[in-house]
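I opened a new notebook page for this chain. I wanted its overall build before any single residue.

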Amino acid sequence: MLPLSLINVAKSKALKTVITVIIIVILLLIVWKLYQKAKKSIDEAIEQKRNQKALEKLNATNSNDPGGNIVSNAQTFTIPEYKQMADDLFKAMDGLGTDEETILKTISKLKTKADWNRLKQAYGTRKIRALGYGFNGTLLPSLKSELSNFGEPDFNDYDINVVLHLNNILSRFGEKI
Ligand SMILES: [Ca+2]
């Protein structure tokens, strides 16, 4: 049998080992947390730098365009604004007749192809009603349908001008009615 003092020494040695292990584990956790925190701020800084570069590139593209048009593919409106424009266009087409002025005014606001795509997306598919007539479709075919008296016997000069003006704007986005 071991003397009592030896048992105590062994016990205290085991205790010391346990405490040392616990301290090492705690230190490792602290180092890990610090590493994660540092990594996060480095990632954020990289992301910020990347966004800044993208913005600079966009501004450079815009200012390089001799026509003054924004040729980049950035969205220049908010989602609610696209929805408002889609609603305005729908109201301009729904029912008897067509509010050509609102159509031109609304489409003229668009600056980029992304704007046009977002507007089409916001419009989705809607049903335009008129007496004994209904047109269910996406934005471009709906505009075409509303202004379809162009080229027909009952067309008037105003409609021709509207269509020409509209196609002039849409040509910037590679489309026409
Ligand atoms: Ca109509």
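My entries follow, from the whole chain down to single residues.

**Ground rules.** I am reading a predicted model, where local features need pLDDT of at least 70, side-chain atom pairs count only at pLDDT 80 or more, and totals for chains, interfaces and linings use all residues. I number residues from 1 along each chain as its sequence is written.

**Overall build.** I found six helices and two strands in the chain. Helices (H or I, at least four residues) and strands (E, at least two) are DSSP runs, numbered from the N terminus. In sequence order the pattern is α-α-α-α-β-β-α-α.

I then checked burial. A residue is buried with 20 or more other C-beta atoms within 10 Å of its own, exposed with 12 or fewer, and partly exposed in between; the C-beta atoms are placed from the backbone. The chain has 177 residues, and 14% of them count as buried.

Contacts came next. I call two residues in contact if their C-beta atoms, placed from the backbone, lie within 7 Å. Taking contacts between residues at least 6 apart in sequence, 55% join residues at least 24 apart.

**H2 against H3.** I looked at helix H2 (residues 79-93) and helix H3 (residues 100-108): their axes come within 8 Å and cross at roughly 160°. Axes are lines fitted to C-alpha atoms, for helices over the stretch in contact, and angles run from 0 to 180 degrees between N-to-C directions. The angle makes H2 roughly antiparallel to H3, a label for angles over 145 degrees. The crossing of H2 and H3 is left-handed, meaning the near helix is turned anticlockwise from the far one by less than a right angle, while clockwise would be right-handed.

On the H2 side I noted Met85, Asp88, Leu89 and Ala92, and on the H3 side Thr102, Ile103 and Thr106. By class, this contact has four nonpolar, two polar and one charged residues. Nonpolar covers Ala, Val, Leu, Ile, Met, Phe, Trp, Tyr, Cys and Pro; charged covers Asp, Glu, Lys and Arg; the others, Gly among them, are polar.

**H2 against H4.** Here the axes of H2 and H4 are 8 Å apart, at an angle of about 65°. H2 passes H4 in a right-handed crossing. Tyr82, Lys83, Met85, Ala86, Leu89 and Phe90 of H2 meet Arg118, Leu119, Ala122 and Tyr123 of H4. I noted eight nonpolar, no polar and two charged residues in this contact.

**The core.** Which residues touch the most other members of the largest nonpolar core? They are Ala86, Leu89, Ile103 and Leu119, in a core of 17 residues. Such a core is a set of buried Ala, Val, Leu, Ile, Met, Phe, Trp, Tyr and Cys residues joined through C-beta atoms within 7 Å. H2, H3, helix H4 (113-123), helix H5 (139-146) and helix H6 (157-170) each give two or more residues to this core. H2 gives the largest share, six residues.

Beyond its neighbours within four places in sequence, Ala86 contacts Leu119, Ala122 and Tyr123.

**Two single residues.** Is Leu166 buried or exposed? Leu166, in helix H6, counts as buried because it has 21 C-beta neighbours inside 10 Å. Not counting residues up to four places away in sequence, Leu166 touches Ile103, Leu104, Ile107 and Ile177.

Phe135 lies in strand E2 (residues 133-137). Phe135 counts as partly exposed because it has 17 C-beta neighbours inside 10 Å. Leaving aside neighbours within four places in sequence, Phe135 contacts Ile128, Ser142 and Ser145.

Notes:
Angles under 35 degrees count as roughly parallel, over 145 as roughly antiparallel, 65 to 115 as roughly perpendicular and the rest as oblique.
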